[in-house]
Amino acid sequence: MIKPIGSDELQPRFVYDPERHHQLAQEAESLPSVTLSSQAAANAVMMGAGYFSPLEGFMDLADAVSVAETMRTVDGRFFPVPVLCLVDSAPALGEAKRIALRDPNVEGQPVLAVMEVSAIETVSDAQMALMTEQVYRTRDVEHPGVKTFNSQGQTALSGPIEVLNFSYFQNDFPDTFRTAVEIRHEIQERGWRKVVAFQTRNPMHRAHEELCKMAMETVGADGVVIHMLLGKLKPGDIPAPVRDAAIRKMAELYFPPNTVMITGYGFDMLYAGPREAVLHAYFRQNMGATHFIVGRDHAGVGDYYGAFDAQTVFDEAVPEGALEIEIFRADHTAYSKKLERVVMMRDAPDHTKDDFVLLSGTKVREMLGRGEPLPGEFSRPEVAQILTDYYQSIS
């Protein structure tokens, strides 16, 4: 089985030992505490679940800036994006060496993790600008990821953490949320050796379904892990429960038995395009996938990134040897009227735009909102019905 990054075994930060867990939970109630931003809370969940292994906690400023510029920490460890705990200020912490980190996304703001404080640092405007530019390739505050990153505050708390729960993800998505540890175990139990991972923050239409099948056939994979983001999205994106239902229906009806795992992870979307594609590959290797699909405008938003920047970044910026997982580079996929099947558009050079069934996201939402059926070449009818029901419920 493919090894995790930087280690022979995953190093999740969740406290599995019951005695230690109880001890920490009791200690946390007497510690100074801060309420995390949603992004920082998601980072803690990802560390707890083993996805960010072998990262032990939130980065200090020197490591965060180094990672933004080179994808390596000061001491040379590979990581694609800064993992920061940013707050407005921390005067109440004083000289505290241990603090409780509280969850902003759960009622009552329970303790999510306990941090051993290594440093409390002020991030300068210049450092914020540098990290923003390097990670997002823009400083435009209209970019949703830029806006979120720069709205958390400029005091950075760093140090190793011990995670006590998985926020709302485990309770809200009990059938879907899985840690990297759990996914690795299931891959082993199924006897899969070659495994394709597919990232999604949207429902899957015919093109996505066929892309997974193309990738599996091309690399000779035993199965595909459909791994959906369950955290915060931008306004207008389809909620996770609706996506989950639609994807499960598609897999149930249109994939052979024992070839697909439907799972999800607790993270807030960054919309960081190329950098986020590298992060996605990083934690898919940690969860046991041998191949990862990177498509057109992967993890992008608006017109901030070139169509295939999220593929070329692996050649141009990722340090050599940093990743063992292989990237399956996909083109835009669509149904060909000429060939009567879904193809990657680069494989149909004799086609014009009119030879494909192409619908914009806006067009799809408008049709669903009016209760109009989507073309069968674009979406499976059972998937379209789930989406139609959702859009009519909010219109």
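1. Start at the end of helix α8. G220 follows this helix, and its phi is positive, near 70°. Keep in mind throughout that this is a predicted model.

2. Now the helix itself. α8 covers residues 206–219, which makes 14 residues.

3. How much of α8 is buried? The helix is mostly covered, with 10 of its 14 residues buried. Among them are R206, E209 and E210, along with L211, C212, M214 and M216. A207, A215 and V219 are buried as well.

4. With 3.6 residues a turn, an α-helix has residues three or four places apart pointing the same way.

5. Next, the sheet. Five strands form an open sheet with parallel pairing, in the order β10-β9-β8-β11-β12. Which strands stand at the edges? They are β10 (260–265) and β12 (326–329). Each has a single partner strand, so one side of each is left without a neighbour in the sheet. From one strand to the next, the twist averages 30°.

6. β11, residues 291–294, pairs with β12 in the parallel sense over four bridges. Within this pair, I293 stands opposite F328 of β12. Helix α11 (residues 309–316) packs on the sheet here and touches both β11 and β12. Its direction makes about 145° with that of β12.

7. H227 deserves a look. This residue sits in strand β9. Its relative accessibility is 0%, under the 20% cut-off, so H227 counts as buried. Which side chain does H227 join in a polar contact? The partner is R284, at 2.8 Å. Leaving out residues up to four places away in sequence, H227 touches Y51, I183 and F198, among others. Its contacts also include T263, G264 and Y265, as well as F283 and M287.

8. Finally, the nonpolar cores. The largest has 136 residues, and Y51, F52, F58, F79 and M131 touch the most other members. Beyond its neighbours within four places in sequence, F79 is in contact with F52, L55, M59, V67, M71, R72, L279 and Y282. Another core of eight residues lies apart from the largest one, and V15, L24, A28 and V114 are among its members.

Key
Residues numbered from 1 in each chain as written. Predicted model: local features only at pLDDT ≥ 70, side-chain atom pairs only at ≥ 80, totals over all residues. Heavy atoms only, no water. Helix = DSSP H or I, 4+ residues; strand = E, 2+ residues; numbered from the N terminus. Expected span 1.5 Å × (residues − 1). Buried < 20%, exposed > 50% of the residue type's maximum accessible area, 1.4 Å probe, protein only. Core = buried A, V, L, I, M, F, W, Y, C linked by side-chain atoms within 4.5 Å. Contact = heavy atoms within 4.5 Å. Pairing = 2+ DSSP bridges. Axes fitted to C-alpha atoms, helices over the stretch in contact; angles between N-to-C directions. Polar contact = N/O pair within 3.5 Å; in protein donor to acceptor, adjacent residues only side chain to side chain.
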